[in-house]
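Subject: Structure handover

Hello,

Please find the structure below. My notes on it follow.

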Amino acid sequence: MTENSTDPAKAAKAAQKIVDILINEDVVIRQRAIQAAMLLLGEAMPRSANVRPHSGDDEPNEDQADLASFFNRGDELKPADYAYLCAAYHFSQFGSVPFSIAEIREIATDAGVVIPDRLNMTFGSATKKGKKLYQSAGKGSFRPTATGSLEFGDRWNVKPGRKAKSLLTAKGNGAADAAIR
């Protein structure tokens, strides 16, 4: 540790700069911006900082802590790679259950990562050694192929999750739309 790294005045000055930048933003934007900055710096968020604001039930959101540690990989990734990592996170939660573009966008927002605008093209054209990694599962939905599932394990060290996907979790997914009709 250098002498400057323990200087409380320097830390206070840096904190004030951050406050000046975030003063006019709402609490969710502030938290996501700080989380994204920590991820970009390659540092883990303190456990208490990974918890979303309470919604009255006083239960911390453990998924948010898992999300931060999942995305803190220290790799230099392109936006398409972050989209694939978001799909890998979904896979780690629900297995080969289809995911919607909206769900991937929500995961990326929560993780504070940048993904491509045209996710349908990103997932539709993803291949490895000539084999498709994702297949269409309806309008705006995809599921990993067997090759894609293996790629999650090889590249990201991810195993399929076993959580059941509720209708609320599956928003934007064809399953939720069909259940409503």
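Is Lys 129 exposed or buried? Lys 129 counts as exposed, because its relative accessibility is 80% (exposed means over 50% relative accessible area, buried under 20%, partly exposed in between, with a 1.4 Å probe and protein chains only).

This is a predicted model, in which local features need pLDDT of at least 70 and side-chain atom pairs count only at pLDDT 80 or more, while totals for chains, interfaces and linings use all residues. Residues are numbered from 1 along each chain as its sequence is written, and side-chain values use heavy atoms, with hydrogens and water left out.

Positive phi

Most residues other than glycine have a negative phi. Lys 129 has a positive phi near 50 degrees and is found in the loop between β2 (127-128) and β3 (131-132). Helices (H or I, at least four residues) and strands (E, at least two) are DSSP runs, numbered from the N terminus. Asn 157 is not a glycine either, and its phi is positive at about 60 degrees. Asn 157 lies in the loop between α7 (146-156) and α8 (174-180), and counts as exposed because its relative accessibility is 65%.

Strand pairing

Strand β5 (residues 141-144) pairs in the antiparallel sense with β1 (residues 99-100) over two bridges; a pair needs at least two bridges found by DSSP. Here Ser 100 stands opposite Ser 141. Strand β4 (residues 134-136) also pairs with β5 in the antiparallel sense, over three bridges, and Ser 136 stands opposite Phe 142. The hairpin of β4 and β5 has four residues between the strands, and Gly 138 there takes a positive phi near 115 degrees.

Regards
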